[in-house]
Amino acid sequence: MSKNLVIVESPAKAKTIEKFLGSDFKVVSSNGHISDLPSNELGIDLENDYNPKYIISKDKKDLVKNLKKELKKVDTVWLASDEDREGEAIAWHLSENLNLDESKTKRIVFREITEKAIKDAIKNPRKINKSLVDAQQARRVIDRLVGYKISPILWRKVKGGLSAGRVQSVALRLISDREKEILDFIPESSYKTSADFINNDGDRFKAKYSSSIKNEENLSDFINGFKNANFSVNSVKQSPLSKKPSPPFTTSTLQQEASRKLGFNVSRTMQAAQKLYESGHITYMRTDSVTLSETALSSIQKTVKSEFGEKYSKTRNFSNKNKNAQQAHEAVRPTKFSNNVLNIDSDQSNLYDLIWKRTVASQMSDALVDKTIVKIDSDNHEGYFQSEGEVIRFDGFLKLYRESKDDIPQNEEKNNILPSFSNGETIIKEKIYVTESFSKPPFRYSEASLVKKLEELGIGRPSTYAPTISTVMNRKYVFKGSNNAKTRDIIQYVIDSDVSKKINKENFGSNKGKLVPSEVGLLVNQFLTNNFKNIIDYNFTASVENEFDYIANGSKDWKSIIHNFYDPFSSVIDDVQKNAKRETGERILGVDPKSGRQLSVKLGKYGPIAQIGKVDEEEKPVFASLLPDQQISKISYDDALKLFELPVFVGEYENEKIEANIGRYGPYIRFDKKFISIPDGFNPFTITLEKSIELIELKREADKPIANYKTFDVSKGRGRFGPFIKWNNTFINVNKNYDFDKLNEKDCIELIEDKIKKDKEKIIVDWSSEGITIEKGRWSKIYIIKGKKRIPLAKNIDPKKISLKQAKEYLKIKKK
């Protein structure tokens, strides 16, 4: 029987570690945190020094029971969660909830899951670092206070169901402010000049003119001057340069480079990195350090010399520019450098290859480059043409790896190799191009560039970047653009012996793959900016992160930081609740020609709407939902007015009419009392009869019974909340344990019986003859239910002591 119990936070990690330890060790997983703040209340005692109220979640109670059973069989417990603050907090929660004896409990940490690292950790245990735990507690408590206090205000002042977060709100501000810059940007036209030249040896090369022409009055003389101009080399400047490799990856730079080179979003990168770490292939993937251990440096040196030769090897020690970086940690690197083929999936393989190349390249020699800049004069112009090129004399680290850059066209990243020149040499003009160009607005953020910006501002830490981006997208505050490019005409003059004029087309304004704020996101940001300036201030948010760092290194008390934060914050909350105006983004577009009443657009309870009339008028306003691709800030008067033509008649099918409309959940067609969603690419005004019939037939096929249980058919579908089955007018969610596309009768019966069992467990009191029940609901609330009526009971009322007469009285109160 094992004498030692090792507890880690993931099953995959447990499986890998168990291979390295003998029979005296049993390795089990806690599956992350076993306790956290409750989901149905604030969970922080504001009257008692901000003490958090941690609870064991329902889904972890059996796990905790099993862990306690395992404890009775062993002499020593080893807490082996990750080495960051969250990992330390997991270890502390385990110690507290399992009532571990400190004398028999050891905390171990390691930065890679290899046999040597694990055995070294066993030889060097330590105690739980309470400063790291407190730093994590401070983050959790402040984030809970911000979210729990601001979110209800958003429900009342902006729209129901919204939520706010400390770091996420700052990320939303960055994206929204950038969008405003883009919308406010007015492009300016100018003309840029480039040339195809030939030197004395007959070699072709390209060059760009030194300045743009903004005044069209001078354009004609400028263009015509090239027709008979003579060109010659003014100067040739050659300079040797050395290029140094980039440091090994931190979490942030890994996310950025994986986005550029592999097209991975941040979450995809971290999922693949997590698997690589848990399988023992890379070091811990949440780090802000660029340091490499002496062991790693030695291994890399051997690999470089073996793979590329002695002259390619150069050992380097990188240091962080970020003063808060944890230098004791290591960069993200492979655990082995033999570059063996690994049995892993494609995402892991691609990411591992990127990490291996970046790490090895960081310990390779500089690349030696000869850079040439040649300037060419025109005897009819004051400016000059310039061409730049590079010749690599020694490739060094470039033999293995070259870092990519954000928002740079691929053709601009390539080196231009120039022919030889001599001063005064005559250059032959092949063609000259004078092309209209428009100034460009700032680039929208990609996931990678947003991470880079957050890191530059000191906002968030390695463990927070991915969840921050996921949160703003899951809340529908931000979405990924889908190439909404526009087209414009570009004038180009081509000069050889004469001048010809061409009209080319140019795409611009594409947002494909970029982070774009939604209408709701913009309004939430506007409300937060107007009312909670400190919370979404970049410097304030960065300073809070610094405070967490001070707590982690033991120089500050975590509760004093909470106190300093909460006192002024609570005053702002009180003021905003009382005095802030609703944020609807309302735009008055004009007057409805039929009624003479005001036509406006704004954010309504269920999303953006157009409105005819005002609330304070005797006649009630009329509303229409905006189409999914329409925005409050951009919709025109005509498009808004057209929405009031809905529903529209599409045609007839099987002697039943088909109508198209838009509702709370989006555009739909109505046929035979059934509502069928209109897919992307169509809207109520553009959907055809043929497409509608196709959707009707697909709906019929989807609604066909897939099983039968107790004389009632079972059908399946996908709804607003995901996949479901329908049985006896009851909708039952299909969880991830089932393959929805391959559901069989056995699966359906399991789901139905599980639903019936859970519904019975919810019932506290049942007056079946009256159709009235008292049931448990979400968030630990209790309800009196009759039909569709649900009356919540106060927490101090015992539901078992309520009589039928009292229950009916409650229902009457609701009816009034």
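Student: How many bridges join strand β33 to β34?

Tutor: The model is predicted: local features need pLDDT of at least 70, side-chain atom pairs count only at pLDDT 80 or more, and totals for chains, interfaces and linings use all residues. Residues are numbered from 1 along each chain as its sequence is written, and side-chain values use heavy atoms, with hydrogens and water left out. Strands are DSSP runs of E of at least two residues, helices are runs of H or I of at least four, and both are numbered from the N terminus; two strands pair if DSSP finds at least two bridges between them. Strand β33 (residues 782–786) runs antiparallel to β34, and the number of bridges joining them is four.

Student: In β34, which residue is the bridge partner of I785?

Tutor: The pairing in question belongs to an open antiparallel sheet with the order β31-β32-β33-β34. Within β34, the bridge partner of I785 is R790.

Student: What angle does the direction of helix α20 make with that of β31?

Tutor: Helix α20 (residues 745–762) packs on the sheet and touches β31 and β32 (772–776), where contact means heavy atoms within 4.5 Å. Axes are lines fitted to C-alpha atoms, for helices over the stretch in contact, and angles run from 0 to 180 degrees between N-to-C directions. The angle with β31 is about 85°.

Student: What is the centre-to-centre distance in the aromatic pair of F231 and F385?

Tutor: Rings of Phe, Tyr and Trp (its six-membered ring) pair if their centres lie within 6.5 Å; planes under 30 degrees apart count as stacked, over 60 as edge-to-face and the rest as tilted. By this rule there are 26 aromatic pairs. F231 and F385 are edge-to-face, with 65° between the planes and a centre-to-centre distance of 6.2 Å.

Student: How many residues apart in sequence are the parts that this pair ties together?

Tutor: F231 lies in strand β11 (residues 231–243) and F385 in strand β13 (residues 384–394). The pair therefore ties together parts whose separation in sequence is 154 residues.

Student: Is F385 buried or exposed?

Tutor: Buried means under 20% relative accessible area, exposed over 50%, and partly exposed in between (1.4 Å probe, protein chains only). The relative accessible area of F385 is 0%, so F385 is buried.
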